[in-house]
2 protein chains.
Amino acid sequence: MTVDCDACPLRKRACFDPMSDAELSFMKKFKVGELVVEPGTQILLEGSNSPQLFTALHGMGLRYKIGEQGARQVVNFVMPGDFVGLQAGVMKEMGHSVEATTAMTLCVFDRKELWTLFRNNPERGFDLAWLAAVEENFLGDALFAVGRRSATARVSWALLRLFIRLSSLGLVRGNSVRLPYKQQDLADALGLSLVHTNKTLAKLRDRQLAQWSDGRLSVASREELATVANVSLDEITPPVRPLI
Amino acid sequence: MTVDCDACPLRKRACFDPMSDAELSFMKKFKVGELVVEPGTQILLEGSNSPQLFTALHGMGLRYKIGEQGARQVVNFVMPGDFVGLQAGVMKEMGHSVEATTAMTLCVFDRKELWTLFRNNPERGFDLAWLAAVEENFLGDALFAVGRRSATARVSWALLRLFIRLSSLGLVRGNSVRLPYKQQDLADALGLSLVHTNKTLAKLRDRQLAQWSDGRLSVASREELATVANVSLDEITPPVRPLI
DNA sequence: CGGGGAATTGACGCTGTTCAATACTGGTGG
DNA sequence: CCACCAGTATTGAACAGCGTCAATTCCCCG
C-alpha cells in the first residue's frame, strides 16, 4: 500500500517547485517502492555503495560521519522531501551515514536508473545538480557557524534554521513544532560538548528566545532569535527547491 | 591567445577522468573565452548571479563567506581544474565569494549554455552533479575537522589535504610544493585564530611533521602527518573526477 | 522495584582567544 | 640611498569559553 506520486502529500507544499505532468509520470516510473523503517535504523552507511536511492516521505533522520576515535559529526538533518543517497548515486560511495531518528518511510529509486534520468529527463538531472548545490550551500553555512560563531549564536542558528525549515514544510503549529532529536544530536551537529549544549539551551530558555523540551521546539520571535544567532532571516530561509 | 581544449594541460592529468572525443568537441564549443586576473581579484561575489562560469586553468584562489561582523570563513581552496560558479549556474546565486590568491587564468563558460549542456550532453550533466557531490563530500569532511578535531589535528589535516591535492595535480617536487596562501587564510579555513594557527604551525615544524614557510609546504612523511591528523591516507585522497 | 537513557547542574582546568609588542619583508617617496 | 610604511609572521602573557568529570534527577520500561 504505497503512496502514488499523484497523491504525494509533499508535492503540494509551496516549498517545492511544482511538477509538470511529464515529470510526474516520470517519477511514477522512477519510484520502485517504499522503505519503512523504525527509529534508529541505519539507512545508508558511510563508504558503502547503495543500489538504492531515497526521498524521505515521512519522519526525520540524521546524516553523520564517524571519526577514528568514535567522534561523531552530524552533517545535516533529514526531513520530508530530502533526497538521500545522491553521493552514492553519482560518486562511488556515500560520504556520510544516514540514520532514521523517528519512524520513517522513504520512496525508493533504483540507482541504475539514475543514468537514464540524466539522459531522458535532463530537467530532472538539472534538478539533481540543484539539490547537490543546495546541500553544498548549506554545508558552507554550517561550516561558518561551527568555525566562527560562539556557542550561543551557534545553537540559536541551528534552532532557527530547523524551525524555519519545518515551518516551510507546514509542520509548525502556532509557534511550536515537533523536533524529535536528542541534545547529543544537536551537540554533534554544532561541534559542541553535550554539557555545554545543554547549558546554552538553558540560557536561551531563560532569555525566552527558544524553548526545546519534550521533543517540541517553540520560538516566540524569529527576529530576536536571528539577532542572537547573528544572521538575517532571509539568508537562513531555504529556497524553493525541486522535489525528486 | 587562449588555450585550446585540445591542448589543455589539465586534461592529461591522471587525477581527471579521460575525455571522449565527443566531450572534447563539446567543451570547445562550450568554452567562450578566458579570464586572466591579478592576485586579490574578486571572481565571484556571494549572493551575486554571475552570467559566467569558470574552470580554473592556472593559479590558485579561495572560496569564502563573510559574516555580519566581518568574520570570514574560508570554505575551500581553488586549484587548477576546479569548477567555479556551479551554485550561480544552478541556483539563483552564489553561496560564497571566490577570490584569486595568485594570478589566475580561468576558462569562461556562458551560464545560459548550462541548460543546453544538460539537454544535449547528459554525460556532462552527470559530471556536474558529480562535481557538486564531491564538493559536498569535502565540506562534510571540513565540518568534521572544524567541529571535532583539536587545533593540531586540524592544521595537520588541512596541510596534508592540500599537499595530497597538489600532489595529484603533479605540482609537488621532491617533498615540497608551492602553497601561496597566508596563515590568515588557513586560520579562517579551520575556525582558528591567526595566533593559534601560527603557534600550531610552529609546533608541527619543530616536530618535523610539516614545514610551511616562504610560500612552500614540505611534508617529510605523509603517514606521520596523517597519524597526527587522525585520518587514514585514503580517506583524504580525492577521487579521480571529471574535468569540465 | 530496579535499570538504563536522557536531561540537568556544579566544579575545575585545559585549549584556544585576545591583547600587545617585536621583527622582517618589499615597496614608495624624499 | 635611506627613512618610512603596510602587510605578514612570530612570540609572550593574561584571560575565558568551552570541555571534562562527576553527581543528581527524571522518566520510561521491564
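## Polar contacts to DNA strand C

A polar side-chain atom of B:Ser193 sits 2.8 Å from a phosphate oxygen of DNA strand C. The model is predicted. An N or O atom in the side chain of A:Lys182 is 2.8 Å from a phosphate oxygen of DNA strand C. The side chain of A:Lys199 places an N or O atom 3.1 Å from a base nitrogen of DNA strand C.

Two elements give two or more residues each to the surface near DNA strand C: helix 7 (194-206) of chain A and helix 7 (194-206) of chain B. Helix 7 of chain A supplies the largest share, 4 residues.

## The surroundings of DNA strand C

In total, 13 residues surround DNA strand C. The closest are A:Lys182, A:Gln183, A:Asn198, B:Ala151 and B:Ser193. By type, the surface divides into 6 polar, 4 nonpolar and 3 charged residues.

## Helices 4 and 5 of chain A

Helix 4 (residues 122-148) of chain A packs on helix 5 (residues 151-168) of chain A at an angle of about 155 degrees. Their axes are 9 Å apart. Angles over 145 degrees count as roughly antiparallel, so helix 4 and helix 5 of chain A are roughly antiparallel to each other. The crossing is left-handed.

From helix 4 of chain A, the contact uses A:Phe138, A:Asp141, A:Ala142, A:Ala145 and A:Val146. Helix 5 of chain A meets them with A:Arg154, A:Trp157 and A:Arg161. These contact residues divide into 5 nonpolar and 3 charged, with no polar ones.

Terms used
Residues numbered from 1 in each chain as written. Chains lettered and ligands numbered in written order. Predicted model: local features only at pLDDT ≥ 70, side-chain atom pairs only at ≥ 80, totals over all residues. Heavy atoms only, no water. Axes fitted to C-alpha atoms, helices over the stretch in contact; angles between N-to-C directions. Parallel < 35°, antiparallel > 145°, perpendicular 65-115°, else oblique. Left-handed = near helix turned anticlockwise from the far one by under 90°. Contact = heavy atoms within 4.5 Å. Nonpolar A, V, L, I, M, F, W, Y, C, P; charged D, E, K, R; others polar. Near = heavy atom within 4 Å. Polar contact = N/O pair within 3.5 Å; in protein donor to acceptor, adjacent residues only side chain to side chain.
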